[in-house]
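Morning, everyone. I have one structure to walk through today. Please take a look at it first.

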Amino acid sequence: LRDTIEAKQRLLDTQRELRRELEHRVRNNLAGLLGLIQIYEQSGRDSAALADALRGKVGAMLQVHQLMSPAPNMPVPLRALIESLAAGMPYDGVASLALHGPAVDVRARQAGALAMILQELFTNSAKHGALGRRGGRIRIEWNSRTEDDGGAALELHWAETAPPPSRPPGPESIGMQLIRGFARSELGGECAFDFRPEGLCFSLH
């Protein structure tokens, strides 16, 4: 009887922890979505462009939830996250995508922000870069390093090759601002954009 009571208590504790994690994730996602709506609204985009941008972000959130649904509070494999987001992009073999890196898991509370960053990169590439050009190539590399406090820090590099040579954009776009915001506020990191003649190089650390 004692063992049964203890087992039931452990189950209840697990359920409470899962409920707290789910509530935290839902609040973060809704707050992030409201922030995105405000940013895009202030940009002066027409309703069709606004709907398209938000549809992509909500789709990325959904893909993260699907990856985490078997175990809501468990980390998400980075490779699976990238492949899931890439599968939703309309490149249909026109460009090639190469992934290189060890098995790295992303904490559940950070997976959403990283998905937003990757979704923005994929969307921009499909519209203006390698993903929308025949013969284009994207190479994504990552690694993790151990910090002084024993935690793990992710380093990710994105490199595009997009014939013919691409031109750097003008002032920093909304997408770039969003990426910087997610990198700093949600992931506690920094990022850098390098617009080379052959295409965009992006780093996150």
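**An aromatic cluster**

Start with the rings: F193, F195 and F202 are linked into a cluster by ring pairs. A pair here means Phe, Tyr or Trp rings (the six-membered one for Trp) with centres within 6.5 Å; planes under 30 degrees apart are stacked, over 60 edge-to-face, and the rest tilted.

A word on the source. This is a predicted model, where local features need pLDDT of at least 70, side-chain atom pairs count only at pLDDT 80 or more, and totals for chains, interfaces and linings use all residues. Residues are numbered from 1 along each chain as its sequence is written, and side-chain values use heavy atoms, with hydrogens and water left out.

Back to the rings. The count is three aromatic pairs. F193 and F195 have ring centres 6.4 Å apart and planes at 5°, so they are stacked. F193 and F202 have centres 5.1 Å apart and planes at 50°, so that pair is tilted.

Which of these are buried? Buried is under 20% relative accessible area, exposed is over 50%, and partly exposed is in between, using a 1.4 Å probe and protein chains only. F202 is buried, at 2%. F193 is buried too, at 17%. F195 is partly exposed, at 29%.

Now the whole chain. Buried residues are 35% of its 205 residues. It has five helices and seven strands, taken as DSSP runs: H or I of at least four residues for helices, E of at least two for strands, numbered from the N terminus. The order from the N terminus is α-α-β-α-β-β-α-β-β-α-β-β.
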